[in-house]
Protein chains: 2
Amino acid sequence: VDSLNRLAERGRTDRAELDALLDEVPFGTLATVDEGMPWVVPLLFARDGDRLLLHGSTGAGALRRVADGAPVAFSVTAFDGLVVAHSTFDSSANYRSAVLRGRCARLRGDDQQAALDLLSDRLLPGRTREVRRPLPKEWAATVALALPIEEGSWLLKVRTGGPTDPEEGPDRQHGVWRGVVPARVAYGPPRPAADSVDRPLPASVRAVLDR
Amino acid sequence: VDSLNRLAERGRTDRAELDALLDEVPFGTLATVDEGMPWVVPLLFARDGDRLLLHGSTGAGALRRVADGAPVAFSVTAFDGLVVAHSTFDSSANYRSAVLRGRCARLRGDDQQAALDLLSDRLLPGRTREVRRPLPKEWAATVALALPIEEGSWLLKVRTGGPTDPEEGPDRQHGVWRGVVPARVAYGPPRPAADSVDRPLPASVRAVLDR
């Protein structure tokens with residue numbers, strides 16, 4: 001445990017740690033500038049090597065600017081728990097937070113199809129092999145974007161571990177519980193649609209429940 | 001269940017529904033424009049009636065611009081599950097998403113103290129009564145901001161329920177499981193600091209576990 005929050009909440013430079021976060025959390029918040037004003041939208045995403053794949057409906061307004069290459073910042077956060085300290089000032093949250101900056105490229109043709117397949121299989125592992133291929137009208141209604149992950153284009157901040165220890169003095173004598181209340185995203189149990197009550201749970205859904 | 005995703009994913013205008021989301025989710029993503037570029041940071045927050053209370057360290061860069069009244073967009077998302085449909089195109093996520101726009105006011109003096117107390121008690125109900133009052137140097141190191149919630153300043157989008165039903169045709173004959181895999185944030189079990197192993201769990205932490 002560090003003696004200062006400032007130390008516990010530190011920037012990280014390990015690309016593997018960034019990738020682990022991006023591979024765990026299914027959605028992020030996309031920000032851009034729209035006529036000088038900040039604009040944000042939450043989006044499902046998936047990492048594909050050195051890029052993030054995003055998708056949206058062709059109807060969405062500011063997403064068109066993003067597809068045209070407007071600068072973006074994409075924020076991904078895992079909330080890992082509440083840090084309960086001897087004082088409210090030292091209380092905090094454990095989290096992992098990535099911000100990626102850059103410009104998106106719109107994917108078309110085979111690239112678009114591969115990206116949307118990867119997005120589907122990231123959310124529900126192997127789902128693309130359990131259902132039919134998308135129809136041409138479905139491809140046409142979807143925008144697929146790629147945001148490069150490059151050296152210097154991302155920032156990772158992590159706060160982990162227990163509360164900071166009280167300094168010498170009265171804070172040491174307090175007798176109040178301190179520690180961490182972990183938090184995580186829990187899945188399940190699955191709820192079948194009316195026609196699926198008697199159908200076996202597919203491998204894709206079982207993989208989500210095993211996360 | 002709606003026959004189109006487009007319908008299921010609809011905007012909401014009920015302020016009570018907005019408040020319920022803001023009172024459930026402990027963190028959001030603050031976006032602003034910094035020298036023409038999008039800038040984002042995840043922040044803990046709490047609703048106080050018709051405003052959101054945010055806080056940060058006085059050291060943080062672009063947060064100073066926000067404290068000076070730069071326009072912001074604040075995004076709060078609850079990820080409620082994966083929607084597993086008969087096709088990847090109709091598969092989706094259940095979620096509740098709020099975006100609030102406006103300008104923050106920096107709180108000082110008694111207003112700042114009341115805001116930080118409310119933030120602490122929102123994250124850990126009643127914690128301010130379990131521990132000592134903050135010290136003057138602790139108040140000085142913290143920025144407290146208020147973002148008004150006004151008519152027309154917010155947007156709420158919700159996707160709920162099961163997958164869209166297949167249209168007439170081959171999709172009706174598929175035999176693959178479809179339904180929803182619910183997701184939620186799960187807390188616990190608490191991990192005590194070394195000095196707290198034998199201390200009773202305080203009411204504030206028990207309240208979090210009961211959420």
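Buried means under 20% relative accessible area, exposed means over 50%, and partly exposed lies in between, with a 1.4 Å probe and protein chains only. The structure is a predicted model, in which local features need pLDDT of at least 70 and side-chain atom pairs count only at pLDDT 80 or more, while totals for chains, interfaces and linings use all residues. Residues are numbered from 1 along each chain as its sequence is written, chains are lettered from A in the order in which they are written, and side-chain values use heavy atoms, with hydrogens and water left out.

**Exercise 1. Describe the salt bridge between Arg132(A) and Asp171(B), and then the one between Asp171(A) and Arg132(B).**

Step 1. A salt bridge is a side-chain nitrogen of Lys or Arg within 4 Å of a carboxyl oxygen of Asp or Glu. The side chains of Arg132(A) and Asp171(B) meet this rule at 2.6 Å, N to O. This pair crosses between chains, running from the loop between helix H4 (109-123) and helix H5 (136-140) of chain A, which holds Arg132(A), to helix H7 (residues 170-173) of chain B, which holds Asp171(B). Helices here are DSSP runs of H or I with at least four residues, strands are runs of E with at least two, and both are numbered from the N terminus.

Step 2. Arg132(A) has a relative accessible area of 23% and is therefore partly exposed, whereas Asp171(B), at 16%, counts as buried.

Step 3. Asp171(A) and Arg132(B) also form a salt bridge, at 2.6 Å from N to O. It crosses between chains from helix H6 (residues 170-173) of chain A, where Asp171(A) lies, to the loop between helix H5 (127-130) and helix H6 (136-140) of chain B, where Arg132(B) lies. Asp171(A) counts as buried because its relative accessibility is 15%, and Arg132(B) is partly exposed at 24%.

**Exercise 2. Explain why the pair of Phe45(B) and Phe74(B) is edge-to-face, and find what it ties together.**

Step 1. Rings of Phe, Tyr and Trp (its six-membered ring) pair if their centres lie within 6.5 Å, and planes under 30 degrees apart count as stacked, over 60 as edge-to-face and the rest as tilted. A search of the whole structure finds 6 aromatic pairs over all chains. One of them joins Phe45(A) and Phe74(A), which are edge-to-face at 5.2 Å centre to centre, with 80° between the planes. Both Phe45(A) and Phe74(A) are buried.

Step 2. In chain B, the rings of Phe45(B) and Phe74(B) have their centres 5.2 Å apart and their planes at 80°, so this pair is edge-to-face.

Step 3. Phe45(B) lies in strand S3 (residues 37-48) and Phe74(B) in strand S5 (residues 71-84) of chain B, so the pair ties together parts that are 29 residues apart in sequence. Both Phe45(B) and Phe74(B) are buried.

Step 4. The charged end of Arg122(B) sits over the ring of Phe45(B), 5.3 Å from its centre, where the rule asks for NZ of Lys or CZ of Arg within 6 Å of the ring centre and within 35 degrees of the ring normal.

**Exercise 3. Characterise the salt bridge between Glu35(A) and Arg65(A).**

Step 1. The side chains of Glu35(A) and Arg65(A) meet at 3.5 Å, N to O. The pair links distant parts of the chain, 30 residues apart, with Glu35(A) in the loop between strand S2 (27-34) and S3 of chain A and Arg65(A) in helix H3 (residues 61-67) of chain A.

Step 2. Glu35(A) is exposed, with a relative accessible area of 69%, while Arg65(A) counts as partly exposed at 37%.
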